[in-house]
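Here is a short tour of one protein model, meant to be read with the structure open beside you.

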Amino acid sequence: MRTGICLIAHWQFALWALGQHMAEIKTLLDDVIETELANLRTLPSGNEERAKAIRDLAALHKLRIEEIRAQADVDEKSE
């Protein structure tokens with residue numbers, strides 16, 4: 001039975017550690033998205049550089065959505 005308790009403790013720690021990394025990822029993504037939005041405002045409309053910046057922002061938002069889904073999965077498993 002002791003082995004089972006150890007496994008549960010390790011699993012809980014792994015979920016906690018993953019949650020910590022998820023929080024760091026969220027913060028980094030939020031910072032990058034905020035910076036890219038600020039940069040986008042400085043680019044003239046119709047510019048190819050602006051079009052690329054918009055595509056990059058769309059990709060960042062997709063990553064953010066995936067991060068939210070992953071966090072929801074972690075939260076669900078830790079309950």
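## Contacts and overall make-up

Counting contacts in the protein with a separation of 6 or more, 67% are between residues 24 or more positions apart. Please keep in mind that this is a predicted model. Its secondary structure consists of 2 helices and 0 strands. The helices are α1 (2-41) and α2, which covers residues 48-78.

Of the 79 residues, 18% count as buried. The protein exposes about 6,300 Å², with carbon and sulfur atoms supplying 61% of that area.

## The nonpolar core

The largest nonpolar core has 7 residues: Leu29, Ile33, Leu40, Leu43, Ala53, Leu57 and Leu60. Helices α1 and α2 are the elements that each give two or more residues to this core.

Leaving out residues up to four places away in sequence, Leu29 touches Leu60, Leu63, Arg64 and Glu67. Leu60 is, like Leu29, a member of the core, while Arg64 and Glu67 take part in a network of salt bridges.

## A network of charged side chains

That network links Lys26, Asp30, Arg64 and Glu67. Within it, Asp30 forms a salt bridge with Lys26, and the closest N and O atoms are 2.7 Å apart. These two residues are separated by about one helical turn, because they sit 4 residues apart in helix α1. Asp30 is partly exposed at 26% relative accessibility, and Lys26 is also partly exposed, at 35%.

Arg64 forms a salt bridge with Asp30 as well, with closest N and O atoms 2.9 Å apart. This pair joins distant parts of the chain, since Arg64 lies in helix α2 and Asp30 in helix α1, 34 residues apart. Arg64 counts as buried because its relative accessibility of 15% is under 20%. Beyond four places in sequence, Arg64 touches Lys26, Leu29, Asp30 and Ile33.

Which residues does Glu67 contact, leaving aside its neighbours within four places in sequence? They are Met22, Ile25, Lys26 and Leu29. Glu67 lies in helix α2 and is buried, with a relative accessibility of 6%.

## Another salt bridge

The count of salt bridges comes to 6. One of them joins the side chains of Glu48 and Arg55, at 3.3 Å from N to O. Glu48 is exposed at 54% relative accessibility, whereas Arg55 is partly exposed at 47%. As a general point, side chains of opposite charge can pair when their charged atoms come close.

Definitions and conventions. Residues numbered from 1 in each chain as written. Predicted model: local features only at pLDDT ≥ 70, side-chain atom pairs only at ≥ 80, totals over all residues. Heavy atoms only, no water. Buried < 20%, exposed > 50% of the residue type's maximum accessible area, 1.4 Å probe, protein only. Contact = heavy atoms within 4.5 Å. Areas by Shrake-Rupley, 256 points an atom, 1.4 Å probe, with all protein chains shown as cover. Core = buried A, V, L, I, M, F, W, Y, C linked by side-chain atoms within 4.5 Å. Salt bridge = Lys/Arg side-chain N within 4 Å of Asp/Glu carboxyl O.
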